[in-house]
Amino acid sequence: MMANGQKIPATMTAIAISQPGGPRVLKPETRDVPVPGPGEVLIRVHAAGVNRPDVQQRKGAYPPPPGASDLLGLEASGEIAALGDEISRWRIGDRVCALTPGGGYAEYVKVHAGSVLPLPAGFTHSEAAAVPENYFTVWHNVFERGGLKKGETLLVHGGSSGIGTTAIQLASAFGATVITTAGSKEKCDACLKLGADRAVNYREEDFVAAVKDATGGKGADVILDMVGGDYVGRNYDAAAVEGRIVQIAVQAGAVASADFSKVMVKRLTHTGSTLRPRTVEFKAAIAAALEAQVWPLLGTRKVAPVMDMIFPLTEAWRAHERMEEGEHIGKIVLDVE
């Protein structure tokens, strides 16, 4: 296959899951380079983001949706190497980042064109690879599904994670008050530097009481929760009247007991979503909203991904160890160059 006068190899190095298990099951493997179909582009990957769902898939607990690559990697940045049919916007050689349904842990990945965005102005490929998964997720769940407005209060759990650091910055940039939880003083301090108005060390302080104190008893208008478990009932306590709780993960468990009378009395909305299995049209709509409303903020670095550590592609297992240790602040990225 030829692109822009350069031959695209038939095979590539990718990181495969040799069997479900711990980080060491991630092994370099030779795979065929994907061929883009109608509406798809092929990206020569320079960097790939590492996300919590990758860890779950490695363990065998998060299978890819039908038709998606079995390889890990939900976001990547690089250069467009080849175009499928029906592509109008993109050209070979364009520097881009993309949300992928899988396959980012490789030298090449094919992606639907609607999930591709230009590299933010001034960004390195490593920084750009840290953007798509978190920004797509936060934009949809906090601003579209949660309906966060200027002047409201957002409570975001796990504030030092990739999702958390993104939510803090975006909510602050759009005029909301932000309260966050994190598990150490270092992480709380990092959240405050990013724009959080209050950071609660959940190991030392009850976040419900802290939210009530910070809001004069009103509670949080929107709560972004990736914990689940016993946080469900506590979120109901921390929420304001007409509050919206948005569930994006259940790290502490998918089953919980809660007093649902609080949902009625406070007129709460408890919703949630997953991004990976959604349609290409849905993802394209989020991409368009991000490019219009968030890309200018990235270009001026009013918001930017918080970078934790970068590992070589062939040492993806080390990146997964880092994530599972839970000490990271911000994004873990793989360098594919």
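**View 1. E29, R31 and D70 are linked in a network of salt bridges.** A salt bridge here is a side-chain nitrogen of Lys or Arg within 4 Å of a carboxyl oxygen of Asp or Glu. Side chains of opposite charge can pair when their charged atoms come close. Across the whole structure, a search finds 19 salt bridges. This is a predicted model: local features need pLDDT of at least 70, side-chain atom pairs count only at pLDDT 80 or more, and totals for chains, interfaces and linings use all residues. Residues are numbered from 1 along each chain as its sequence is written, and side-chain values use heavy atoms, with hydrogens and water left out.

**View 2. R44 pairs with E79 in a salt bridge.** Their closest N and O atoms are 3.4 Å apart. R44 lies in strand β5 (residues 40-50) and E79 in strand β6 (residues 75-83), so the pair ties together parts that are 35 residues apart in sequence. Strands (E, at least two residues) and helices (H or I, at least four) are DSSP runs, numbered from the N terminus. R44 is partly exposed, at 34% relative accessibility. E79 is also partly exposed, at 26%. Buried means under 20% relative accessible area, exposed over 50%, and partly exposed in between (1.4 Å probe, protein chains only).

**View 3. K59 forms a salt bridge with E324.** The closest N and O atoms are 3.1 Å apart. K59 sits in the loop between α1 (52-58) and β6, and E324 in helix α11, so this pair ties together parts that are 265 residues apart in sequence. K59 is partly exposed, with a relative accessible area of 42%. E324 is partly exposed at 31%.

**View 4. R198 and E205 form a salt bridge.** Here the closest N and O atoms are 3.0 Å apart. R198 has a relative accessible area of 24% and is partly exposed. E205, at 32%, is partly exposed too.

**View 5. E186, E321, E325 and E327 form a negative surface patch.** Patch residues have over 30% relative accessible area and no salt bridge, and like charges are joined within 9 Å. Asp and Glu count as negative, Lys and Arg as positive; His and the chain ends are not counted. The place of a charge is taken as CD of Glu, CG of Asp, NZ of Lys or CZ of Arg. Accessible areas come from the Shrake-Rupley method with a 1.4 Å probe. E321 lies in helix α11 (residues 316-325). E321 counts as partly exposed, at 33% relative accessibility.

Key:
Patch = residues over 30% accessible without salt bridge, like charges linked within 9 Å, V, L, I, M, F, W, Y side chains within 5 Å.
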